[in-house]
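Trainee: Could you walk me through this structure, one question at a time?
Mentor: Gladly! Let's have a look together.

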Amino acid sequence: MQHIPVSRRAFVKTAAVAAALPFASRIANSAPSGSVAPPTASPVSLRWLDGTAPLHDPGHTWGVPWPRGALAKETTFSLRTDDDEAAEVPLQSWPLAYWPDGSLKWTGHAAAPDAKSTTGYVLAPGRPVAPATAVSIREDGGSWLVNTGTIVCRVPRRGDRLVASIACDGREIARDGRLVCLLDDRPDTAPGVNVRRTSFVGVVSSAIVEQDGPVRAVIKLDGAFHGAGRDLLPFSVRLCFTAGSDDVRLVHSFVYDGEQERDFIRGLGVRFSVPLRDDPHNRHVYFAGEGEGIWGEAVRNIPGWAGRFPLSRRFPEQLDGRPMPASAELDDRTRAQLETVPAWDDFKLAQLSADHFTVEKRTGAHSRWLRPSRGRRAAGTVYFGDTTGGLALGLQNFWQSHPTALEINGATTPESHVTAWLWSPDAPAMDLRHYSDRAHGLPLQYEDVQPGFSTPYGIARTHELLLRVFAATPRRPEFHAFAASVSTPPRRVCTPDHYHRLGVFGIWSLPDTSTPAKARLEEELDRLIAFYQREVDVRGWYGFWDFGDFMHTYDRHRHEWRYDVGGYAWQNTELVPDMWLWFTFLRTGRGDVFRMAEAMTRHTQEVDVYHLGRFAGLGSRHNVSHWGCGAKEARISMAGLKRFLHYLAADERCGDLMTAVVDVDSRTVEINPLRLVAENPGFPTLTRVGPDWFGFASNWLAAWERTGDTRYRDKIVAGMKSIASQPGGLLSHPILGYDPATGVLSPLPNAPAEPTLSHMLAIFGGAETAFELATLIDVPEWDRAWLDFCVAYNATQEERTRIAGRVVKPGSFPIWYSRLTAWASVERGEPALASRAWQEFFHGFHRDPEPKFPLDPVRLESFSVLNPTDDVPWMETNHAAQWSLNAIQNLALVGDHLPPLEGRWAE
């Protein structure tokens, strides 16, 4: 094999990244120790994700990256406002990741609520100021007492309550917070058979304190739902408290471990009891609607329509939540008249689709529901209480995750119940059976179905809820501010320039419109994001199990996505659209894109991945059902898709999921990803460099940087060296033997003499993983092999044969590998390769010499479509994701070589 020559080892190691980063970052990331002054950590500017200060900040976390070698792991941090006063804000910080030298790479932070609500902040190494009253946790019998300075919360360590009580100003406002579930034994559609329904309640079996102040405290509870003599649906709940805050963030994750033929979830919710002390006419209900809309009434309304009633003129005040005279203060006649007005015992807002919700109320279980109002998309927040206090409860992504509901029961009694339904009992029972009872095959349906593999057993779902204790009935603007913090949670972020300057997550470019050609590519990147934002909404890609995902391929004949065609339906993580969205956020800082990426990460890493059972740690390939495909692989669950949200938001749930897949390579011994296409001549299992080994490597990279444990680095190195030692290096037969115990890959004894390059090697996050590892690990033989592959993949047959030392047949989809040609251009210092990279980018579509971009949608409003739509007949999310990633990375690597655009691009 003839390796591509390079002149300087240090240049090979860092040049591609250096080309994409400012000079200061090159020094921080690549200079030999002692050759220059050590890097320093300058103060970091922070801003609110949506550009303006939130109306209400219930407390949140965020992550910040730091230069390599700049900060010791014991470094503390301070936060101040970025204004003339430069006021200090109480801060709590903790490490998230470390550079190879042990210095801080990412840190997590939580701040006390900032009354000033400025738009900018500055974070810097320093001593943090303490909050006026630190949040504290102390043991009290079998519970923990959490005191934020404004509320006191009792959290049992075992049993059927998540929260025993929440008190404010010495008064108990809420109690008995529970998880509830209704389970049917058959679907609603079962003909002529009575459905048996069973009630379950969540029972906590273990609890730990993860953080204990001074600004933030976190308690994690684990357990399962119990009912009818069985345990079901294991769950994990985090309760997050912030100093000086009346809010509690509740993050609930559960795993489906039922039998899809007999366990149909009919209702799943979080319920609190609210003790009531006032008369019904001083008890108030609020539901947050769309925008600033609020539906609100009292349990018993003052008859404002009855002019002779003494209090009728005060009806507007009552609707505004202001206290009315107590019944004991009224004369007998007025009191008797008021008691003739109906008192409403139950209230409900149900969002059973993405485009319709109803508000209902009734006087009791003996009577029918009235429907006073309806709307399109509710914010997902309810308040109920009286003049002595009440509880607001909100569910994030409420309408997007339908069918959902908010319900109040027993409003006329001394103790009511407020429930946030994650799955509303008003909807049909959750049906997780596969869409078909037979296999449909790869040739026409692109569907890989295997007996027993189309199972939801082990899939998961995470919801975030927010509850707030009010000492008295809030005014409507105050309730709206809380509801806004539920539907659009505030979050602090760094500037795109800061993320880019430090080279986090590898190679990507900042937006650049300095030339007409660059401006045109930037415009197309924005148009593509906007197209998918519209498609999510127009096509209704919402729902409990679907929200966050995209569809795979468009059907040009039906003018609809191929929702019912095997592997062409849901995208899952195929060709990493997650990374496309996250890199778009990093380079633009757009809040709407952050939320798209967050939703996709939540979906793909919860629903598309198994969390227990036979396939634990593996994910499902794209299918009509998210879990329907027989391919269960590590590429879907790899940590590289979780790292963005974990580090940017200091998200603990993503941390759990990354930990869970650290050793997923051992799972392939039982579930060999190549079991249907290659015989195993005696290795523990078979694998491919990409997407399998790159998926493993991303897991080990995350574990290494999060823990500092070099065993994970060593496993990456073992893989690098064994891959590089193959005949032809990465230009070898794509299937290799693999031993999870050692991390070593070995050639198959019967490998073909003239292998074909696999187009799957680098497009499932492999390129991004390789780019990042290039700055972290020094394995010269791997560097040479990787550079050989980058040059050879899209090279002529003659050049590829010269590099490999034998005939290697070309791979597919040259456009998706144009960024590797660009990498090679920088590493070798050859402008000709840069020109080749752009030629591949614009004209390298597989089996189609005509470029598919720009979008050029056609508006359809004829009888051929149900609703008017923008038609892009060739659209595939594979193309969208990989085209965007290649554009972003090519602009970083060889942007200065971008030629003037021609043809349709120049129009």
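Trainee: How do H17 and H19 lie to each other?
Mentor: A quick note before we start: this is a predicted model, where local features need pLDDT of at least 70, side-chain atom pairs count only at pLDDT 80 or more, and totals for chains, interfaces and linings use all residues. Residues are numbered from 1 along each chain as its sequence is written, and side-chain values use heavy atoms, with hydrogens and water left out. Now, angles under 35 degrees count as roughly parallel, over 145 as roughly antiparallel, 65 to 115 as roughly perpendicular and the rest as oblique. H17 and H19 are therefore oblique.

Trainee: At what angle do helix H17 and helix H19 pack?
Mentor: Helices (H or I, at least four residues) and strands (E, at least two) are DSSP runs, numbered from the N terminus. Axes are lines fitted to C-alpha atoms, for helices over the stretch in contact, and angles run from 0 to 180 degrees between N-to-C directions. Helix H17 covers residues 780–792 and helix H19 covers residues 818–828; their axes are 8 Å apart and the packing angle is about 120°.

Trainee: Which residues of H17 meet H19?
Mentor: Contact means heavy atoms within 4.5 Å. On the H19 side, the residues are Leu820, Thr821, Trp823, Ala824, Glu827 and Arg828. Their partners in H17 are Trp786, Leu787, Phe789, Cys790 and Val791.

Trainee: How many nonpolar residues has the contact of H17 with H19?
Mentor: Ala, Val, Leu, Ile, Met, Phe, Trp, Tyr, Cys and Pro count as nonpolar, Asp, Glu, Lys and Arg as charged, and the others, Gly among them, as polar. The contact of H17 with H19 has one polar and two charged residues, and its nonpolar residues number eight.

Trainee: At what angle do the axes of helix H15 and H17 cross?
Mentor: Helix H15 spans residues 710–724, and its axis comes within 8 Å of that of H17. In this contact, Met720, Lys721, Ile723 and Ala724 of H15 meet Glu781, Trp782 and Ala785 of H17. The crossing angle is roughly 55°.

Trainee: Why is strand E9 largely enclosed by the rest of the structure?
Mentor: Buried means under 20% relative accessible area, exposed over 50%, partly exposed in between (1.4 Å probe, protein chains only). Strand E9 runs over residues 143–147. It is largely enclosed because, of its five residues, the number buried is four.

Trainee: Which residue in E10 is the bridge partner of Val146?
Mentor: Two strands pair if DSSP finds at least two bridges between them. In E10, the partner of Val146 is Cys153.

Trainee: Which residue takes a positive phi in the hairpin of E8 and E9?
Mentor: Strand E8 (residues 136–140) pairs with E9 in the antiparallel sense over five bridges. Their hairpin has two residues between the strands, and a positive phi near 70° belongs to Gly141.

Trainee: How many residues of strand E26 are buried?
Mentor: Strand E26 takes in residues 415–423 and is mostly covered. Strand E17 (residues 264–275) is joined to E26 by eight bridges, running antiparallel. Of the nine residues in E26, the buried ones number seven.
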